[in-house]
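Please look through the model shown here and keep it open while you read these notes. They are written as numbered points, each of which can be checked against the picture.

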Amino acid sequence: MSLKSAKTSRINGKHIKHSANSTIPSNIDKETTFLVKTKTPYVSAVKQIQRILDKFNKKVNKKRKFQGGEYKKLNYITVKGMGKAIEKTLSLGTHFQSNYPVEVLTGSVEVLDEFRVNEASDSEDEDEEKTLYQKRMVSYVELRIRIRRD
Amino acid sequence: MPPKPSINAKKAKLYNSRTIRTELSDPSFTDKEKLSIPDFLKTREFEIRSFEQSQLNTKYASSSRVFQSLPRTLRRRTASHNVKRIPKRLRSRAIREMQNSVNGQPEKRKHQRGRQLYRLQVMKKLLKLGSRLKLMRGVPNEQVLKDQTIRNRIKELNTQIKSLEKDRSSPEINNDLGSYDNTGVDEFAPRPKGNLKYHKRQKNFVWLPTHVWHAKRFHMTKQYGYQIPLAPTQKCFKAMNRHNKHDAVIFDTSFHDKLIIEIADNADFIQFLLEITKYKKKLPTEIVDGTKSYSDWIFLENEKVAKVLIYANISLKKILVSVLPSLFMDIYFKIKAKLANYKSNTTINDCRYSLGSIDICGPQALPAISKILHLYKLENSDIQRTWRTLAHNTDSGLVPIGTTLSFSVKDPRFWKRPSRLPPSASDISLNELVIALNNETSSNIDSDSIANLLSSRSRNESYDGQMSIKSISKEFNKFYELINRSRIPLLITKLAEGSWSLILPWYWVLPIWISATKVRQIKVGGLKQRHQFNFENEIPTFPYDFPFLRDGWLHNNAVGTLTEAKFAKLKQSHVDISRPDFQNSSIISPFKCDWTAIRNIIFLKKLSGKTDLELAQLDPGFATHVGNFSTRELKSLHDIEQSSKSISKIYTEEKAPEISIVIYCKNNEFHKQFVDGAYEIKSLVDVKMKQLPVIQIAIRLQNKGSISDGARIFLSDSFNTNPEGFVTSGAYNLNEGQPTAIGLIRADVKKLSNPTIYIRNIGKTTFYPAKFVEIK
């Protein structure tokens with residue numbers, strides 16, 4: 001069965017997209033994950049990811065905080081992109097490949113779409129809106145850029 | 001006690017601490033050019049050590065006081081001369097530092113003599129009797145709290161204590177803390193009495209349950225008969241934005257006045273809801289049966305009054321309304337009048353001082369608060385499952401507005417630290433839960449808890465045996481016995497602005513609050529932070545952004561009066577009257593959003609029947625009048641400006657509306673005509689009697705710039721035109737990384753396709769091009 005047949009149809013109405021991230025991130029997750037969006041400028045992403053990588057490099061960052069404790073076991077930082085941003089994420093991967101070992105993981109993630117459908121005017125003053133939710137699967141790619149401690 | 005060191009000795013110590021001793025001989029150069037580092041270091045060892053020592057000396061010698069090393073959140077005002085404001089572990093050092101300081105420890109004040117001493121002694125007696133009454137579980141009666149001599153108050157207290165001693169079988173309150181349910185049934189509830197010692201200072205402005213906690217950490221403001229936390233004393237503008245983006249921020253919103261309306265008949269119950277909500281024909285069943293709450297406009301006499309929270313439950317026949325305090329009286333009387341028309345039995349309960357609330361915003365609102373809410377055992381496991389899923393996921397606007405849960409929790413003070421809710425195998429994913437919540441397959445309301453929360457007697461019962469922090473720590477070994485004794489009913493619901501509101505009995509707010517502040521993810525905000533978060537998410541805030549409502553109108557006028565008074569006090573040399581808006585000829589006040597002037601100009605131009613170009617071209621000349629002198633002929637722009645000034649003096653048979661603007665309503669005939677440009681203004685009286693239809697907009701600049709409150713909105717970047725609206729809140733938006741604004745503009749801009757507007761700040765000459773979207 002092809003994947004396309006499982007695709008759900010779009011409901012007519014105002015489409016509100018929601019973030020696919022709903023799990024509570026740990027402190028380390030917050031500091032080592034970079035999410036690429038379609039609107040993220042490429043060079044800005046490169047700089048921001050480099051800054052995260054530099055944080056763990058003893059030569060660049062003298063702070064001991066990032067060498068011990070919970071950070072000691074940390075091997076890689078994560079860069080994620082989904083849907084339209086996959087291409088940009090992969091090109092970021094190729095950029096970092098020259099200096100760092102990069103692993104690429106692919107998968108799909110479930111997102112929830114919200115549709116506001118205008119119903120026949122029930123109230124006199126305002127149009128009554130009905131909200132519908134629909135699940136959708138989106139492809140995503142994850143880069144694991146191995147950090148260098150020295 | 002050691003003698004105080006002389007000032008010279010102290011100075012000498014300070015200077016000594018800064019001198020670093022050095023060793024001059026240097027044999028580490030083996031060859032003349034080569035430096036052997038280990039040798040060099042070895043020879044410098046003495047210097048390095050003394051350098052390090054000197055650093056320590058400086059640190060200990062003096063220059064910094066112990067409270068300066070505290071993190072910001074632990075710093076308190078005037079800690080330099082009051083050791084009680086420093087954490088206990090550092091107090092002894094603080095006392096030592098105070099002894100060493102130039103002024104030394106402040107001297108103890110000599111005790112009072114004569115009349116003052118007598119007054120203190122009598123006051124002490126009164127307070128002793130007061131605490132005795134509290135121990136006997138009595139509440140001081142009105143006579144004790146009245147403004148009269150202390151001796152008479154003592155007399156009253158004595159008689160009350162004696163009567164209580166005679167009959168100890170039925171104490172007035174059921175706990176040692178003085179908590180009791182203070183509801184007014186079909187009448188206004190009396191103000192909470194508070195502690196006898198602090199009664200006087202909360203007579204006119206009621207203290208919130210968390211007042212003492214807030215007073216130490218916040219700037220307070222006296223508004224609407226309450227003392228409300230305004231903003232933390234510490235700088236927190238950026239920090240608060242970050243907390244709201246990643247963690248959670250809580251607000252004590254117990255000053256939102258609550259009402260419970262009981263309507264015995266089901267048909268009347270539904271009819272009442274239809275009249276006050278936006279639904280006019282059919283109510284959604286989930287709102288009637290209490291599965292969801294309604295967080296939107298309340299309609300009274302077919303007019304939008306304010307945005308409120310309504311929770312209705314037809315099986316209990318009760319409707320809970322939570323309104324902003326400034327509107328309470330108005331809404332109370334209007335609802336009372338409405339209820340009088342129903343045939344069935346109706347009651348209106350004033351729960352202003354019996355139901356408190358805490359608002360939580362931010363993506364981690366529920367995960368954070370769930371760490372202290374330990375659920376009392378529930379018959380319905382669905383509620384538990386929903387709560388667990390919500391507590392294990394961040395909510396970035398995914399959970400539907402109006403989602404409501406109700407359950408009972410145990411006293412959170414029995415847990416020494418916040419603990420995460422353990423996950424369970426039966427948990428469902430957030431996406432599935434959201435779909436289920438939207439389809440209303442099941443209710444998340446525990447019927448017992450909601451009944452307890454909405455009934456005065458049960459609320460009072462929930463205080464039974466309420467323990468103080470001291471008694472909890474004393475009896476901590478009886479943990480398992482005690483935890484099931486307390487049962488706090490509460491309601492948690494999602495509001496339209498995306499935050500969650502926790503409604504619970506008034507005297508349980510403080511225990512929950514204090515436990516909540518111990519959760520790492522939770523930070524605390526005041527009124528200003530609420531405004532900041534709303535602004536950053538482009539949500540209008542009441543009353544600042546609602547000048548078309550009475551409170552917003554009054555706020556705008558008050559701002560105008562205050563700024564004008566401040567301006568009048570400026571030295572002449574500091575006043576530049578050549579600035580735009582401040583010129584004498586300016587007819588629009590530079591101190592506020594002058595809606596009346598804008599309305600007058602727009603309607604007068606319409607009355608003149610001339611285009612802007614024609615008006616501008618005509619020479620002012622002499623004023624000519626049509627009929628009597630009160631109506632001037634409108635030939636030029638000058639005529640319009642002059643007439644605009646005199647409109648307030650024109651006599652009208654009916655009373656002119658107090659507010660010059662009105663929010664656009666698509667069903668209003670005049671508003672429709674106004675937007676189409678087909679409206680008619682017949683006379684100057686018409687100008688005064690009509691309100692200008694406006695729409696609320698969110699504004700973003702196209703390029704760099706800045707926007708401040710009260711900035712003017714134009715449709716062209718020329719000084720020859722008049723403003724078409726005003727910015728009500730404008731500032732730098734940390735969420736957007738650029739300045740944004742919320743404002744109001746004349747409603748007929750709706751007709752223009754994708755117009756560019758121009759923003760000019762008060763007294764400034766730069767016009768910033770901007771785009772806007774209507775806020776509905």
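1. Arg700(B) has Lys771(B) as its bridge partner in E22(B). The two strands concerned are strand E17 (residues 692-701) and strand E22 (residues 768-774) of chain B, which pair in the antiparallel sense over 5 bridges; two strands are said to pair if DSSP finds at least two bridges between them. Helices (H or I, at least four residues) and strands (E, at least two) are DSSP runs, numbered from the N terminus. E22(B) is also joined by 3 bridges to strand E21 (residues 757-760) of chain B, and these two run antiparallel, with Ile759(B) standing opposite Tyr768(B) in E22(B).

2. Before going further, please note that this is a predicted model, in which local features need pLDDT of at least 70 and side-chain atom pairs count only at pLDDT 80 or more, while totals for chains, interfaces and linings use all residues. Residues are numbered from 1 along each chain as its sequence is written, and chains are lettered from A and ligands numbered from 1 in the order in which they are written.

3. Chain B has 26 helices and 22 strands, and its C-alpha trace spans about 100 × 90 × 70 Å along its principal axes. The domain assignment, whose bounds come from an automatic or database source, gives domain 1 (7-100), domain 2 (367-536) and domain 3 (550-774) in chain B. The centres of domain 1 and domain 2 of chain B, taken over C-alpha atoms, are separated by 49 Å.

4. Of the 776 residues of chain B, 35% count as buried, where a residue is buried if 20 or more other C-beta atoms lie within 10 Å of its own, exposed if 12 or fewer, and partly exposed in between, with C-beta atoms placed from the backbone. In chain A, buried residues make up 17% of the 150 residues.

5. A nonpolar core is a set of buried Ala, Val, Leu, Ile, Met, Phe, Trp, Tyr and Cys residues joined through C-beta atoms within 7 Å. The largest one has 92 residues, and of these Ile250(B) and Ile360(B) touch the most other members. Apart from this core lies another of 43 residues, among them Leu634(B), Leu637(B), Ile661(B) and Val727(B). Two residues are in contact if their C-beta atoms, placed from the backbone, lie within 7 Å; leaving aside neighbours within four places in sequence, the contacts of Ile360(B) include Ala248(B), Ile250(B), Trp500(B) and Leu502(B).

6. Two loop residues of chain B deserve a careful look. Is His392(B) buried or exposed? His392(B), in the loop between helix H13 (381-391) and strand E12 (404-409) of chain B, is buried because 21 other C-beta atoms lie within 10 Å. Leaving aside neighbours within four places in sequence, His392(B) is in contact with Ile24(A), Pro367(B), Pro423(B) and Asp427(B). Glu653(B), by contrast, lies in the loop between helix H24 (637-646) and strand E16 (661-663) of chain B, and counts as exposed because it has 6 C-beta neighbours inside 10 Å.

7. Chain A has 3 helices and 5 strands, which run β-α-β-α-β-α-β-β from the N terminus on. An open sheet of 5 strands has the order E1-E4-E5-E3-E2 (chain A), with mixed pairing. Its edge strands are strand E1 (14-17) and strand E2 (33-36) of chain A, each of which pairs on one side only, and the twist averages 25° from one strand to the next. E1(A) is joined to E4(A) by 4 bridges, the two running antiparallel, and the bridge partner of Ile16(A) in E4(A) is Glu114(A).

8. Helix H3 (residues 86-97) of chain A touches E2, strand E3 (76-82), E4 and E5 of chain A, and its direction makes about 15° with that of E5(A). Helix H14 (residues 430-439) of chain B touches E4 and E5 of chain A, and its direction makes about 175° with that of E5(A). For these angles, axes are lines fitted to C-alpha atoms, for helices over the stretch in contact, and angles run from 0 to 180 degrees between N-to-C directions.

9. The contact between the chains takes 15 residues from chain A and 21 residues from chain B. E5(A) gives the most to the side of chain A that touches chain B, with 3 residues.
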